[in-house]
Amino acid sequence: QQDPEVVHVKEEAEEADIGKLPSAGVPFKSEDEEEQSQLLPHQKKPFMCSICGKRFSQKANLITHTRTHTGEKPFSCTLCSKRFGDRSALIQHKKTHAAGKHFACSVYNPSFGVHSNLGQHMRTHTGQHVTTEGDGGRRGASQADCRLAPQSHSRSPDSDAEHPKSDMTCHPGNAHWKCSQCDKTFGTKYTLRVHMMIHSGDKPFMCSVCGKRFSQKAHLTTHTRIHTGDKPYSCSVCNKSFIDYSAMIKHTRVHTGEKPFACSVCNLSFSDRSNLGKHMRRHTGEKPFACSLCGKRFSIRGHLTTHTRTHTGEKPFTCAICNLNFSDLLMKHMRTHTGERPFACSVCGKRFSDNSHLITHIRSHTGEKPFSCSICKTSFSDRSGLVKHTRTHTGEKPFTCSFCGKRFSIKGHLKTHERIHTGEKPFSCSMCDRSFCDRSAFVRHTRTHTGEKVFSCSLCKERFSYKYQVDKHNCAGENSGSHKAAPH
């Protein structure tokens, strides 16, 4: 039997040890967990990608990630032969075969085999910006699906005590976090904080290559791929690769023909939300982008950027073949070298290098002349024809020769005139090596070789190479003075 005094001392020692244990509510850490918490970040994630430097805590995750660089897709669907980079994506894909497409969009035609895919698609109609956690893949669930009573909280980022995190994530159909600046709502506190950087201008993430800064780390990650050339997202139809997921989704609609964004005014549909926004300004007349130098306003930001270069003289696009610089439309210029004419007339098959030229050409078949002179009511099939014509009334000559000061009403006439000063003769005859400063003189010259006769007398039908020859021509209709040159 132990001495009572010894027992009392032992009990006091045990009480003292108990006082050193973690307080109630704090999880007890094992020795392994305690050691893990003291590791440096690179020790917690010892597996590093040799291509982009991203680190992982498990080797399997590194192997899966590496396939985004190599393009390897070792997991193949036995039903449709579609391939995937990781096993979980294949399992998710197989559900589309096993279950059929039971989840149908109530707005548009598509159906989906997985409920979460329907949820993501539905947000293209609702415009909802929801990021949720722990919802079991049901991010598109509606408020009616929720077993809890619907709530309508408008919370600030500092109200964690009043609204615990579980309340945030169990209502994926609701957007609880409200921006105090623009009233936009979000599903989580984190997405609201990211959004607030738009208003504050805070851009904490900087590209180590070019120094450009971003408000979100994901935007920096996408931007970095411009430098590395990494394109981890591939189209399953044509294998075209993209640097970010959203660009790939937009591209796939080229194949599916899906146009989920509809104009509420004219019912035109678009495959991309931004294109719908640009289109809507045609109805509203809104021009939110103003030039800071002359005040001219534009409905599309890209048009403002191009316009600003008329003030600055900036020409950032250089042709790799002829070294000419352009402020815009380099691709259009490149077709003058390649001879590419991707736009074909559906009536006569004639092809054009520029879509606007095709649109103007089609009017030669339809007879449409939508541009009318407000002074004499003469109509034209294209706007440039109307602009040139209007100057015959106003006498405006906006194009000035930088050598002699002579003014012209048409820009093409100025370019031809300036070649008199520069001596440039870009039009060369392939038969006799003569060169000319304007195309019309070159065309007239080639007829001396070909013998082509494009003008005919309207009375006797005799043909001539040049118009002046018709004017000098003597025929039965000379006395009446009624014969005219008729281009063939």
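1. The aromatic cluster. In this predicted model, F427, F436 and F442 come together as one aromatic cluster. A search of the whole structure finds 4 aromatic pairs. In one of them, the rings of F427 and F442 have centres 6.4 Å apart and planes at 25°, and the pair is therefore classed as stacked, the angle being under 30 degrees. This pair links distant parts of the chain, with F427 in strand β25 (residues 427–428) and F442 in helix α17 (residues 439–450), 15 residues apart. F436 and F442 also form an aromatic pair, with a centre-to-centre distance of 6.4 Å, but here the planes are at 50° and the pair is tilted.

2. The chain as a whole. The chain has 18 helices and 29 strands, and buried residues make up 24% of its 488 residues. Among contacts with a separation of 6 or more, those between residues 24 or more positions apart account for 12%. The chain exposes about 33,400 Å², of which carbon and sulfur atoms supply 52%.

3. Helix α14 and its surroundings. How far does α14 reach from its first C-alpha to its last? The span is 17 Å for 12 residues, close to the 16 Å expected at 1.5 Å a residue. Within α14, L358, H361 and R363 are buried, and the buried residues of this helix pack against β19 (343–344), β20 and β21 (371–372). The residue that follows α14 is G367, with a positive phi near 80°.

4. Is D354 buried or exposed? With a relative accessibility of 12%, D354 counts as buried. Apart from neighbours within four places in sequence, D354 is in contact with K332, R335 and F343.

5. The structure holds 9 salt bridges. One of them joins R225 to D230, the closest N and O atoms being 3.9 Å apart; in this pair R225 is buried, with a relative accessible area of 15%, and D230 counts as buried at 16% relative accessibility. E424 and R419 likewise meet through their side chains in a salt bridge, at 3.9 Å from N to O. In that pair E424 counts as partly exposed at 44% relative accessibility, whereas R419 is buried, with a relative accessible area of 18%. Both of these N-to-O distances, 3.9 Å, fall within the 4 Å cut-off for a salt bridge.

6. The K250–D272 salt bridge. Here the side chains meet at 3.2 Å, N to O. K250 lies in helix α10 (residues 245–256), while D272 lies in the loop between β14 (269–270) and α11 (273–284), and the pair therefore ties together parts that are 22 residues apart in sequence. K250 counts as partly exposed, at 41% relative accessibility, whereas D272 is buried, with a relative accessible area of 10%.

7. R407 and its contacts. R407 lies in strand β24 (residues 407–408) and is partly exposed, with a relative accessible area of 45%. Which residues is R407 in contact with, leaving aside its neighbours within four places in sequence? They are K397, P398, F399 and T400.

Conventions. Residues numbered from 1 in each chain as written. Predicted model: local features only at pLDDT ≥ 70, side-chain atom pairs only at ≥ 80, totals over all residues. Heavy atoms only, no water. Buried < 20%, exposed > 50% of the residue type's maximum accessible area, 1.4 Å probe, protein only. Contact = heavy atoms within 4.5 Å. Helix = DSSP H or I, 4+ residues; strand = E, 2+ residues; numbered from the N terminus. Areas by Shrake-Rupley, 256 points an atom, 1.4 Å probe, with all protein chains shown as cover. Expected span 1.5 Å × (residues − 1). Phe/Tyr/Trp six-rings, centres within 6.5 Å; stacked < 30°, edge-to-face > 60°.
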